[in-house]
Amino acid sequence: MFDLIVKNGRLVDGSGLPAYAADIAVSDGRIQKIGKLDEPARQTVDAQGKVVAPGFIDPHTHFDAQLLWDGACKPAVEHGVTTIVPGNCSLSLAPLKAEHRNKLVGMFNQIEEMPQKAFDEGVVWDWESFPEYVERIKRDLTINVAPLVGHSMLRLWVMGDAAMQRSATPEELTRLQALLRECLEAGAVGMSTSYVDMDETLQPVPCRHADANELDALAAVLGEYGRILQIVHEFYDGDVSVARVDELANLSLKHGIPTTLSPVLVNADGTVVVDKIMARIREHVATGARVWPQVQTRPIDVSFSFEVPSLLFIRMPTWYGIMRHGTHDDIVRAFSDAQRRPELVKEAASLNAMWEQLVLRQVQTSSNQELVGMKLVDIAEQRNTGIVDTMIDLSLEEDLQAHFLFADMGHSDGQKVGELLADPLVHIGASDSGAHIMSFATFGDTGYLISKFVRDEAAMSLESAVKKITYDVANIWGLPERGLLQEGYVADITIFDPDTIDRGPEYYVQDVPGAGSRYVRDAVGVDTVIIGGEIAYEQETGYTASKRGQVLPGATP
Ligand SMILES: [Zn+2]
């Protein structure tokens, strides 16, 4: 008797080959048999009219903190995601000495917009080393986790405060290498680094003080294990991005490692930069290098209120300073101050083109309710005042709870994004799930891939789309026995309706520890999600108590 049989489905097996009709039998967490099956099973899932695919793998997340209070990384699983990669962009929660916890929380707060209170109330700090951290998250996992170790964290551990000042000495370099080995042996999937991120004091994060020699020495250790290097490149500068592609290609060839850079975006003003990056990648791939550009599926939409220091304001030092360092009352006071108003309006004026795009998306008073959905520029006209003044006035009227949306900031040309996503050299990822929780919803990129780029734009076949978020990812990231529906493989399976799968509308919920809020999206058209051979989520009944998630690829024997 099998544990579970999925019957009557159309298998899109992750290989990219055409879908076919078959049943799948699962026992002991693995796919035992595929074919026409009449044997008995303890549990049967009827997939009539549905697609049965390998579970989706999200290679770019910042679920590090959420994992500590929610082993399913909700709502990732209900969107069909069965494996996530946290620890991107040089930041991970281990290795981490007790004395650096505040520093880490500050960096997460600054870079990923994860509130301090969420850490205060949601995290019990009972680990320091990477192996301890792996044991810690294993206790309560619904989803599979393939954790990167952050370069900044390695440096903080070995160098202390000097990590934020200089490159490593030869002696420190040896210790950094040994520490990276320890992390990889405990189950890290690779290492992440960043060329752009700033810490809570707006200084470069520790990894940005490393020199090329240090990165090379650490890549050599990745090479001993064949593990991946992830970087955040200077995505706003095309020429520098191309230089980073060269650097990654060299490291890949020299050390025999896969590398990936994120994010690669189609800018609002065209594909010039992206075309340059892709052309250079093509040249390097022809020589045998592995350089995977990560491209996200969704357009860039950013929401904000005055309550949280949105990265949108980073080019406005006075505004950003008030929001970043002020309490609620400080922010209200600063923006209510008639004397300061002209200075604040003047600083914001340089970004008028942006304010003109803004839409008021949410308020709490009934008197402003009728304005919701209107462009700020029209509200300003109605009120006969300036656009920045209107933004400030509304925020004060709403006790800072006026939420504004800047939609389609970039990466929104469906045809161009579709062409890019369909390129066999492009790695679909960069969701940033779990980060920027008060700026946009990072959930549902996989459903959106299918609704937008398979159904609407016809940029690729369903089989190719599924391959890109399953088998391709498992291969690029070195996750054995995942990403394919094949006998003997681990039974991570997502069952969905190919005609309706999508991301639902974005909405605001208060479910973050410390009374925090975030934007989420519900899944549409995802029926059943099986992780490690057990049903983890069903559309009708929601999450089960299943805890079959594992840390991948697992400790090195
Ligand atoms: Zn990131």
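**Cavities and a zinc site**

Searching the whole structure turns up 2 cavities of 30 Å³ or more. A cavity here is a set of points, on a 1 Å grid over the protein atoms alone, where a 1.4 Å probe fits but cannot get out; lining residues have an atom within 4 Å of a point. The structure is a predicted model, in which local features need pLDDT of at least 70 and side-chain atom pairs count only at pLDDT 80 or more, while totals for chains, interfaces and linings use all residues. Residues are numbered from 1 along each chain as its sequence is written, and side-chain values use heavy atoms, with hydrogens and water left out.

The largest cavity has a volume of about 150 Å³. It is lined by 18 residues, and D58, V81, S431, D445 and T446 sit closest to its centre. The second largest cavity comes in at about 30 Å³, and its lining is made up of R298, P299, D301, F440, A441, R503, E506 and R521.

Then there is the zinc ion. Its protein donors (N, O and S atoms within 2.8 Å of the metal, or 3.2 Å for Na, K and Ca; water is not among the atoms, so sites may look incomplete) are H60 (NE2), H62 (NE2), C89 (SG) and D432 (OD), at 2.1 to 2.6 Å. Along the chain, these donors follow the spacing H-x1-H-x26-C-x342-D. For C89, the relative accessible area is 7%.

Notes: Buried means under 20% relative accessible area, exposed over 50%, partly exposed in between (1.4 Å probe, protein chains only). On a 1 Å grid over the protein atoms alone, a cavity is a set of points where a 1.4 Å probe fits but cannot get out, and a pocket is an open set with protein on both sides within 12 Å along at least five of seven lines; lining residues have an atom within 4 Å of a point. Grid points are joined across faces, edges and corners, and a volume is the space filled by probe spheres set on the points.
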